[in-house]
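This report covers selected residues, cores, cavities and the ligand shell of one model.

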Amino acid sequence: MKLFKLRGGVHPQGWKELASEREIRILPLPERLFVPLQQHVGAPAQPLVRVGEHVLKGQLIAASQGFISAAVHSPTSGRISAIGDYAAAHPSGLTAPTVTIASDGDDRWLDTDVPADPFLLTPEDIAARVGKAGIVGLGGATFPSAVKLNLSRKNNVHTLIINGGECEPYITCDDRLMREHASNIIEGVRLIRHAVGAVNVMVGIEENKPAALFAMQTAAAGTEVKVIAVPAMYPMGWDKQMIRALTGREVPADGRSADIGVLVHNVATAFAVRDAVRFGRPLVSRLVTVSGGAVAEPGNLMVPVGTLVETLFGYCGGFSSKPARLVLGGPMMGMELSTINVPVVKGTSGVLALTKGEIGREQASPCIRCSSCIRACPVGLLPLQMAAHIRAGDSAGAVSQGLKDCIACGCCSFVCPSHIPLVHYFNFAKGELMEQERGKLKQEATKKLADERIARIQRIEQERQAAAAKRKAAREARELAAKAGTV
Ligand code: SF4
Ligand code: SF4
């Protein structure tokens, strides 16, 4: 099949060999699981359980709230031991509302609703089951999948793309999932297709994963699903890059893929959709790569959501040397962790312990205007100019250059011969902008409250005056009537 020209991108060292040949292992059930209520884009889920209550595996413990949100289920059977703040998987080290479950060791599933033939379900029913299962985009975006399915139906999506582009160095969980569970993924893909009515269905897999390509092509043989090899480069796993490669279409800068009739889901999401629709099983576990030069035995583990990162490293033999950096996700777009005492969430694809040698921090020197960063940017931005605006304190100038479209992929920093940490500038400036926007929203909300208070006081005063006038008129009428009676 013809592939289309890509924009930008880089070829960082893959480090995939550390974990890619290790078969999936199932992590023994931890004694305690820490399940955050916010594991997705949108509103946090609302807890439905009480401390002390016994729950079964797959039981709904927090309901989705509003249009964009996702339900949260218990990853095992046991007792709710706490509901409150716990360390969140975030570089800030802040806490987040979390349900803690003390496992009873039985890992007993709640009885689930299993359809006789999932392909006889209506598209609406499939989307409802996906929503009920709390599935979110497992490629890292964590956008609620049911919302995407419903929007796609409304937008008459004609092309379904399943993203098998696992381009972050070290991360191999999707590669292993495709090698070991290809037919289940393909069934999930076909169910998603059924849910949105897409005419074209393509799975894009990077050409440096020949075993995954072979397994998926074999599983898809005789179906409507085409499995296609795409170039191995970073960020091939970025949805818009995959769409470009397979369709030649460009998603508008501030738009969604549905705007051009395309729906993209990740391979692990398709796997989770199959579990939810065929077996009624919610998303309570996921595959996580544990890797990096400081890990004794890197690997790919199937783990319950809420398992502590510390447990994962422990199961992989602990550290063979002192880690210089701990990362949640991949090294290009992942988050640096200050502690391993944080839980795995639905969007966690990997946890890394990197050595000093793997980080390779170099001293930054002045820009030599080589324009390598411009050529590497997959979005088509001008990183050196955006950074110059930010350095000058001119965030409006950086925004006018496209700062808000930057996906923080780090390609520009990666190629910069002067080792200028460009992506750090952009992340910092975006954080400042968000802070300003939050401040503006807060100011607007405060003003609204103040205006409402003034209006309420005025209304009470008007009502008081009207009541006084009414009383006065009544009194005067009574006095007049009295006078008339005495005449
Ligand atoms: S890659 Fe680095 S040195 Fe080259 S133009 Fe961009 S910022 Fe300057
Ligand atoms: S981090 Fe932003 S500016 Fe740099 S290459 Fe990626 S998208 Fe472009």
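Serine 145 touches Val130, Ile135, Val136, Gly137, His265 and Thr269, not counting residues up to four places away in sequence; contact means heavy atoms within 4.5 Å. This serine 145 is found in helix H2 (residues 145-154), where helices (H or I, at least four residues) and strands (E, at least two) are DSSP runs, numbered from the N terminus. Serine 145 counts as buried because its relative accessibility is 1%. Buried means under 20% relative accessible area, exposed over 50% and partly exposed in between (1.4 Å probe, protein chains only).

This is a predicted model, in which local features need pLDDT of at least 70 and side-chain atom pairs count only at pLDDT 80 or more, while totals for chains, interfaces and linings use all residues. Residues are numbered from 1 along each chain as its sequence is written, chains are lettered from A and ligands numbered from 1 in the order in which they are written, and side-chain values use heavy atoms, with hydrogens and water left out.

Leucine 33 is found in strand E2 (residues 32-36). Leucine 33 is buried, because its relative accessible area is 0%. Leaving aside neighbours within four places in sequence, leucine 33 is in contact with Pro75, Thr76, Val99, Thr100, Ile101, Pro304, Val305, Gly306 and Thr307.

The largest nonpolar core has 55 residues, and Ile185 and Met216 have the most contacts inside it. A nonpolar core is a set of buried Ala, Val, Leu, Ile, Met, Phe, Trp, Tyr and Cys residues joined through side-chain atoms within 4.5 Å. Apart from this core lies another, of 42 residues, among them Val230, Met242, Cys406 and Leu422. Methionine 216 touches Met178, Ala182, Ile185, Ile186, Val203, Ile205, Val227 and Val267, not counting residues up to four places away in sequence.

A search of the whole structure finds one cavity of 30 Å³ or more. On a 1 Å grid over the protein atoms alone, a cavity is a set of points where a 1.4 Å probe fits but cannot get out, and a pocket is an open set with protein on both sides within 12 Å along at least five of seven lines; lining residues have an atom within 4 Å of a point. Grid points are joined across faces, edges and corners, and a volume is the space filled by probe spheres set on the points. The lining of the largest cavity includes Cys377, Val379, Cys406 and Phe426. In the second largest pocket, Phe271, Asp275, Ser285, Arg286 and Met302 lie nearest the centre, and H7 gives the most to the lining, with six residues.

The table gives volumes and classes; Ala, Val, Leu, Ile, Met, Phe, Trp, Tyr, Cys and Pro count as nonpolar, Asp, Glu, Lys and Arg as charged, and the others, Gly among them, as polar.

| Space | Volume | Lining classes |
|---|---|---|
| Largest cavity | About 70 Å³ | eleven nonpolar, no polar, no charged residues |
| Second largest pocket | About 630 Å³ | 19 nonpolar, three polar, six charged residues |

The residues around ligand 1 (a heavy atom within 4 Å of it) include Cys367, Arg369, Cys370, Cys373 and Cys416. Arginine 369 has a phi near 50 degrees, a positive value in a residue other than glycine. Arginine 369 counts as exposed, because its relative accessibility is 62%. A cis peptide bond joins tyrosine 234 and proline 235, with omega about 5 degrees.
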